[in-house]
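Colleague: I would like to learn how to read this model. Can we take it feature by feature?

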Amino acid sequence: MQLFKAKIGYCKEIAPSYFKMAILADIEANPGQFFHIKCANDNTFRLRRPFSLHRKLEDGFEILFEKKGFGTEFLSNLKRGDILDIIGPCGNGFKIMKKQSIIIGGGIGIAPLFELALRCRNPKILIGAKTKDSLLCVDDFRKCKIEPLVSTDDGSLGYHGFITDLFLDSIDSIDFILYACGPSKMLDSVIKIAKEKNIPCQISVESIIACGVGACLGCAYKTKNGYKKVCKDGPVFDVSEL
């Protein structure tokens, strides 16, 4: 983990209120780790915001985010060449296994899963969203020769229903590792399925993160062994811990 400043390569809207940003920095990070970014001008005090590594680039890395508050609105208005103040990479990422992987992303939860999929063996990708307009990264996966299965809550594209139901309908064995990130209700369902079927599983937990280094205890997350810090012990947890 280090504190550094980096230029923006691009910031583009890929769907209504969803943005991809390229950050030009020679730094290594693992899928599931995050960067804590100052989302304000230098003379303004604001808490940093956590953004997962979305994709490794030749000259840096990408983040994927939804514009829904002051911090992400600030980021969405930045341009090529603007400078960001960043701490990272932070936290613990996914442990990549050699067996086949199934990767489930719900909404913006697909953000930390793209680079993971590129590094996994023979990945199967499931992407869920409320509507077809909020499905993310489908074409990006196809460009990488990975055909995702998709679901929408309203049936506007793909499977009509929740992504966890599509997952149950699409598996014919349990000889795989499961990775997931998404809304808390989705993750609760994934955890329940993994435990009932004895499927090895890792999830990336979303949380409000203040300090990013495990000092403030603001992102405490309940596990079998007491409360853990999402920013330092996570954001990726093995389901066996939960």
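Modeller: Start with the largest pocket, whose volume is about 1,300 Å³. A pocket is an open set of points on a 1 Å grid over the protein atoms alone, where a 1.4 Å probe fits, with protein on both sides within 12 Å along at least five of seven lines. Points are joined across faces, edges and corners, and the volume is the space filled by probe spheres set on them.

Colleague: What should I know about the model and its numbering first?

Modeller: This is a predicted model: local features need pLDDT of at least 70, side-chain atom pairs count only at pLDDT 80 or more, and totals for chains, interfaces and linings use all residues. Residues are numbered from 1 along each chain as its sequence is written, and side-chain values use heavy atoms, leaving out hydrogens and water.

Colleague: Which residues lie nearest the centre of the largest pocket?

Modeller: Lining residues have an atom within 4 Å of a grid point. There are 47 here, and E66, K68, I108, G109 and E206 lie nearest the centre. Elements that each supply at least two lining residues include β6 (60-66), α1 (70-76) and α5 (184-197). Helices (H or I, at least four residues) and strands (E, at least two) are DSSP runs, numbered from the N terminus.

Colleague: In what order do the seven strands of the open sheet run?

Modeller: Two strands pair if DSSP finds at least two bridges between them. The order is β4-β3-β7-β1-β2-β6-β5, with antiparallel pairing. β4 (49-52) and β5 (55-57) are the edges; each has a single partner strand, so one side of each lacks a neighbour in the sheet. Inside the sheet, β1 (residues 2-15) and β7 (residues 83-90) are joined by six bridges. A6 stands opposite L84 in β7.

Colleague: How many disulfides does a search of the whole structure find?

Modeller: A disulfide is a covalent bond between the sulfur atoms of two cysteines. The cut-off used is a pair of cysteine sulfur atoms within 2.5 Å. The search finds zero. For C201, the nearest cysteine sulfur is that of C181, 11 Å away. For C211, that of C216 is 3.7 Å away.

Colleague: Is C201 buried or exposed?

Modeller: Buried means under 20% relative accessible area, exposed over 50%, partly exposed in between (1.4 Å probe, protein chains only). C201 is buried, because its relative accessibility is 1%. C211, at 23%, is partly exposed. I209, in the loop between β13 (201-204) and β14 (220-223), is buried at 7%.
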